[in-house]
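I opened this model to look up a few local features and then the chain as a whole. My entries follow in the order in which I looked.

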Amino acid sequence: MGKVIPFSEIESYLASIEKSDAYKGAILDTNVLISASYDARDSHSEVVDVWDLLLQKNYRLFATVNTRSEYLEFQRRLTLTERLLDMVDEFSTVKPPKTAKAKIQTLKGSLRTSVAADPDKDEIFNESQLKKIKKEFSAGPHSGKTGWLEICNSVLGSKIELEDQALVDRGVEYISPNDHSQKQLFDESLGWPGAISICEKTGTAFSDSMILNALKASKLFFTVSLDFDIGYAALGDPNMKDVVVPDRLFKEYRHYHFPN
């Protein structure tokens, strides 16, 4: 069974596994990637501290293809949200269609109500909300109003590529058994059966199951996560490796009576 390690004990944990000649590397989940880049999140500072510690100790930091996709998807929604909210500001020089402006203002109110009810939620439009707003725009300029394609070009042009490169610049590699330079990282094949098995044990979402499957198949000892379910899956699987989590999450697992 894997162990869950609180952030406050990571230095002693690293010291203990390094004595066993553990491979110096870790997998980061999507929320770790996001929190490190998004300082509006409460977890930003503690995540950056853990990230910097691992780099200082010469650990390789990995993300799966899925977490890369989820991270870039977050950046897309964040960028569009910020631009759309700016457009309905009274000082904005952008002229959206009246119906688009009304839809943005309505959904802005819904968004703030939702965040007030759940402080852990990001104040960012979800995909359904973005699609509703997009439908109120013409694709190109029309009747003196800004078109959707112009908005995308002005705010997304090169933005996602830059965000992707920023992860690489911060030491993140994309783990893959198909990368010849990473073949030495894996003890087992990395495929769907392993992820399905993890999902079936604790009902873990496939995005999380694939992170844990990559961990199990590799020589790496642990993943760093802000996701309750990843720690839960580690504690519920006798063959799982370790998960490093914030202290607040670590305390939550005490209430679930996992078998020894």
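I looked up D187 and found it in the loop between strand 4 (172–174) and helix 9, where helices (H or I, at least four residues) and strands (E, at least two) are DSSP runs numbered from the N terminus. I note that this is a predicted model, in which local features need pLDDT of at least 70 and side-chain atom pairs count only at pLDDT 80 or more, while totals for chains, interfaces and linings use all residues. Residues are numbered from 1 along each chain as its sequence is written, and side-chain values use heavy atoms, with hydrogens and water left out.

Is D187 buried or exposed? D187 counts as exposed, because its relative accessibility is 53%; the classes are buried under 20% relative accessible area, exposed over 50% and partly exposed in between, with a 1.4 Å probe and protein chains only.

Next I listed the contacts of D187, leaving out residues up to four places away in sequence, and it touches A217, S218 and K219 (contact means heavy atoms within 4.5 Å). The side chain of D187 also makes a polar contact with the side chain of K219, at 3.2 Å; such a contact is a pair of N or O atoms within 3.5 Å, and within protein one must be able to donate a hydrogen and the other to accept it, with residues adjacent in sequence counting only if both atoms are side-chain atoms. I also checked D187 against D247, 60 residues apart along the chain, and their C-alpha atoms are separated by 31 Å.

I then turned to W192, which lies in helix 9 (residues 192–202). W192 is exposed, because its relative accessible area is 53%.

For helix 3 (residues 44–56) I noted 13 residues and a reach of 18 Å from the first C-alpha to the last, close to the 18 Å expected at 1.5 Å a residue, the expected span being 1.5 Å times one less than the number of residues. Which residues of helix 3 are buried? They are H44, V47, V48, V50, W51, L53 and L54. After helix 3 comes N58, whose phi is positive, near 65°.

Last, I looked at the whole protein chain, which has 12 helices and six strands, and whose C-alpha atoms fill a box of roughly 70 × 45 × 35 Å along the principal axes. Of its 260 residues, 45% are buried. Among contacts with a separation of 6 or more, residues 24 or more positions apart account for 67%.
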